[in-house]
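The entries follow the order in which I looked things up.

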Amino acid sequence: MAEILTSGGENQEKMEAISETLSISDAQLIRLQKENSTKTARSIVRACYPRSVRCDTNLEDIDDYFRQAIFWLNSSKTASIRPIEKIDLASALAPLKTRHSLSAVCINDICSLLCLLNVPDAPRSWFQVKKALNKSFVSPLDRKIWWICPSCKKATDNAFKCSDPICSWCFAPPASIPTYFYTFNIREQINSILAMTKDIYLSKHTKGTSFLNLPMRDIIDGAHYNKLLDKESGKFLTLTMNTDGIQPYNSTNKSIWPVTFVINEIKRNKRFSFQNLILGGVWPGLTKPKRFEMSAFLGTIVVQLKELEQGSHFECRSGANFVRQFLKVFLICACMDKPAQALVQNLPEPTAQFGCGRCEIRGYTVRSSHNSDHFINCFPIEKSLTQPHVRTNDRYDHLLIVKQQNDAEIERITGRQLDHIAKREPRPKIIKNKQSEYGILGPCVLRQFEHFDVGFSFLSDNLHNVYHGVFVKKTIESLAKCPLQETSLVVLSSPL
């Protein structure tokens, strides 16, 4: 019906004939148009035959030309339906296979049955079903592949030549193809989420409102978030970052490291839903990424987030409509376990001498138990006036300068870049320098963000800090000393 009322050519002539037959104008016919042909015909009948007239009108009194015009309107709906194509059948067979746990052989038999029934353009096998779906699939994720240059250790968008003009590396067989990873368009994903979700709340700082006495229910109630409200006058969004590695198969060392984000302004019960998840990148490496590889990987994502810090226009859902808003996007925290945090912070492993990601406490090697040959690092808190420095942006900048000076000094002594052999020669000097660096192994790429702190912006890892280690051991010891009745009460009141 819509095609008849709006398009030209033969349909335009048919509309003129209908208008002339019904004795109504084209504009009036368009106003009577409804969402389908049946309702449109009913509205025309009501317009041509008012209620008082319809009560006294017999079916035999209706003009044949009027009947023919209504028939044209009803037949227009059937004429506008497109024929069934292969992609339609494939879209029906794929969920049918999943819902009823059908095998590929069963789908092949169904396809053969469709072909025997002469269904036009029917797929002949499960393979053709997948091929039709893959051909028509358009991913909303704008994927880009990167490689890590073996020479300068930076990310490049060319697998055979480094994109850095200073680096002269070129691929030459029989060398293997460099390590690669994927990144995705973060802005487009945020725009899609804002266009769909109704569960987002943009905080506003009201003058005279004190946040010190408000209960802490979510991240937007925290002190750091409210400092951000004081600094930023316009509307903004904040992100929480996560990365971790999984090993798909036990028979290989291959690992997948996705980098994901969530929008903190979305309601907490919907924040971590799959449709609200932002995929920044994926590392499908043969092994766990090294620190320089993680820095190059995250560096490409940081470029996107730095652009979002300057602000961008987004289509936001507002009821049944959309509102275009200018929003800045800030990364304010990262939530990950301690091994992944060490990679991102560019610090030693959590059990190393200066492996703590929150402060610069020093670890000491001790025996794991009395008369044991096994040694571990422990981190005792000494009762003294000099407490370990907390890791902050200012402290990080200072230690990074110290490390650069130490590396330059060692390079002057050895006359070449630091490697495993060179480190053995001035070993006493290197040990002394490491004490002054407090675990800094290199730059942390997240330091570039305006509202991200390389210390406290990394949230606490409850798995390793609380549920493992000394805390659990002491809790079990305290529960073992309690009588049975008291033990049950302690367990019930325990936050674990």
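This is a predicted model: local features need pLDDT of at least 70, side-chain atom pairs count only at pLDDT 80 or more; totals for chains, interfaces and linings use all residues.

Entry 1, serine 457. I looked up the side chain of serine 457 and found that it reaches the backbone nitrogen of aspartate 453 at 2.8 Å. I count a polar contact as a pair of N or O atoms within 3.5 Å; within protein, one must be able to donate a hydrogen and the other to accept it, and residues adjacent in sequence count only if both atoms are side-chain atoms. Serine 457 sits in the loop between helix H17 (427–437) and helix H18 (462–465). Its relative accessibility is 1%, so serine 457 counts as buried (under 20% relative accessible area; exposed is over 50%, partly exposed in between, with a 1.4 Å probe and protein chains only). Setting aside neighbours within four places in sequence, I found serine 457 in contact with Ile332, Cys333, Ala334 and Phe452 (contact means heavy atoms within 4.5 Å).

Residues are numbered from 1 along each chain as its sequence is written, and side-chain values use heavy atoms, with hydrogens and water left out.

I recorded 20 helices and 10 strands in the protein chain (DSSP runs numbered from the N terminus, helices being H or I of at least four residues and strands E of at least two). Of the 496 residues in the protein chain, 35% are buried. Among its contacts with a separation of 6 or more, 62% are between residues 24 or more positions apart.

I located arginine 271 in helix H12 (residues 268–271). Is arginine 271 buried or exposed? Arginine 271 is buried, because its relative accessible area is 4%. Its side chain and that of aspartate 218 are joined by a polar contact of 2.4 Å. Not counting residues up to four places away in sequence, arginine 271 touches Asp218, Ile219, Val262, Ile263, Asn264, Ile266 and Asn276.

I found glycine 285 in strand E6 (residues 278–285), buried with a relative accessible area of 6%. Glycine 285 and threonine 179 are 106 residues apart in sequence, yet 7.0 Å apart in space, C-alpha to C-alpha. Neighbours within four places aside, glycine 285 is in contact with Lys254 and Ser255.

Axes are lines fitted to C-alpha atoms, for helices over the stretch in contact, and angles run from 0 to 180 degrees between N-to-C directions. The contact includes Ile87, Ala90 and Leu93 of H7 and Trp126, Val129 and Leu133 of H9. Its residues divide into 8 nonpolar, 3 polar and 2 charged (nonpolar: Ala, Val, Leu, Ile, Met, Phe, Trp, Tyr, Cys and Pro; charged: Asp, Glu, Lys and Arg; polar: the others, Gly among them).

I found that the axes of H15 (residues 393–414) and H17 come within 9 Å and cross at roughly 170°. H15 is therefore roughly antiparallel to H17. By class, this contact has 5 nonpolar, 3 polar and 5 charged residues.

Note on methods. Angles under 35 degrees count as roughly parallel, over 145 as roughly antiparallel, 65 to 115 as roughly perpendicular and the rest as oblique.
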